[in-house]
Amino acid sequence: MESPASTSPRGAGRYAPSPSGDLHLGNLRTAVVAWVLARDSGRAFRMRVDDLDTARARPGVADRQLADLAAIGIDWDGEIMWESARSDAYAAAADRLADGGLVYECYCSRREIAEAARAPHSPPGAYPGTCRDLPDAERALRREALGPGRVPALRLRADVRELTVHDAVHGSYTGVVDDVVLRRGDGVWAYNLAVVVDDAGQDVDQVVRGEDLLPSTPRQAYLAALLGLPRPEYVHVPLAVNAAGERLAKRDGAVTLSDLAEEGTTTRSVVARLVASLGGPEGADSVEALRGVVTADSLRSGPWIVA
């Protein structure tokens, strides 16, 4: 549900679903929190579709996601941003970093990265720097050995190992900053670069998302600083989990609007459930009832157990 473009002096909040599957209750709840916090702070609210990875994007899913968000009462300001149309912006950002000597080609496979030796205390998955200082002759050989349709990945040449950010819910958080991928070996621009460029492009200064993305935040804050972009306010929302404490997923049964509708559950009932989970007034079935209710303090109560 699109509203006229807003030029709020407070910047904007946003929601950015990836069209790999229908939104479940946890996704919808995070979207509601993002919308409420933006509206309560006088910010605009932007919508963005994270459809960079066309191999994972399923036909019709983005339209269903947007329809579900509108159905539960979420509106947004201005046009929807589609990341698949933003390659030029990501290339320009990568070029700026390259001009400063902060980008290098990487030829490693995922298996090579997983099996590579790492410095003590390096977390699992952190890039060990295999291609960071290869001689030119070795680079030429590795580039030639790439398979058809492959290009070298591009990595950031980071000069810090960690960074501390402040999160409204979790407080100070110190996380790893490694030589993060900027462009993958299949030519797809990476999420960490795209999210930084797009948040700035939409005037987003309040980032509300699931707490599973908190570990990637120091990398993104570091990238923003290198690109001369402001660091937004971060709000990482506790996840929805099943009775076993596991992150909510399709395996947990009817957890999307369409699945619940097939069981006879109305959208209004779903909204009432979301409102109740966030401390809204008893019996309220509109996201408007959460205005002035949802705060960083109220989100510190832990995960939402969806029984």
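**Reading salt bridges and a sheet**

Mentor: Let us begin with one residue. At 8% relative accessibility, Arg43 counts as buried, because buried means under 20%. Please keep in mind that this is a predicted model.

Trainee: Which residue meets the side chain of Arg43 in a salt bridge?

Mentor: The partner is Asp205, and the N to O distance is 2.8 Å. Arg43 lies in the loop between α1 (25–40) and β3 (44–49), while Asp205 lies in the loop between α6 (191–201) and β11 (206–210), so the pair ties together parts that are 162 residues apart in sequence. Asp205 has a relative accessibility of 26% and therefore counts as partly exposed.

Trainee: How many salt bridges does the structure hold?

Mentor: There are 21 salt bridges in the structure. Another one joins the side chains of Asp179 and Arg132, at 2.7 Å from N to O. Here Asp179 is in the loop between β9 (171–176) and β10 (181–183), and Arg132 is in the loop between α4 (110–115) and α5 (136–144), so this contact links parts 47 residues apart in sequence.

Trainee: Is Asp179 buried or exposed?

Mentor: Asp179 counts as buried, at 6% relative accessibility. Arg132, with 23%, counts as partly exposed.

Trainee: What is the N to O distance in the salt bridge of Asp186 and Arg184?

Mentor: For that pair of side chains, the distance is 2.6 Å. Asp186 is partly exposed, with a relative accessible area of 37%. Arg184 is likewise partly exposed, with 25%.

Trainee: Which residues are linked in a network of salt bridges?

Mentor: Such a network links Arg14, Arg48, Glu83, Arg86, Asp198 and Asp199.

Trainee: Let us turn to the strands. In what order do the three strands of the open sheet stand?

Mentor: The order is β6-β7-β10, with antiparallel pairing. From one strand to the next, the twist averages 40 degrees.

Trainee: How many bridges join β6 to β7?

Mentor: Four bridges join β6 to β7 (residues 153–156), and these two strands run antiparallel.

Definitions and conventions:
Residues numbered from 1 in each chain as written. Predicted model: local features only at pLDDT ≥ 70, side-chain atom pairs only at ≥ 80, totals over all residues. Heavy atoms only, no water. Salt bridge = Lys/Arg side-chain N within 4 Å of Asp/Glu carboxyl O. Buried < 20%, exposed > 50% of the residue type's maximum accessible area, 1.4 Å probe, protein only. Pairing = 2+ DSSP bridges. Axes fitted to C-alpha atoms, helices over the stretch in contact; angles between N-to-C directions.
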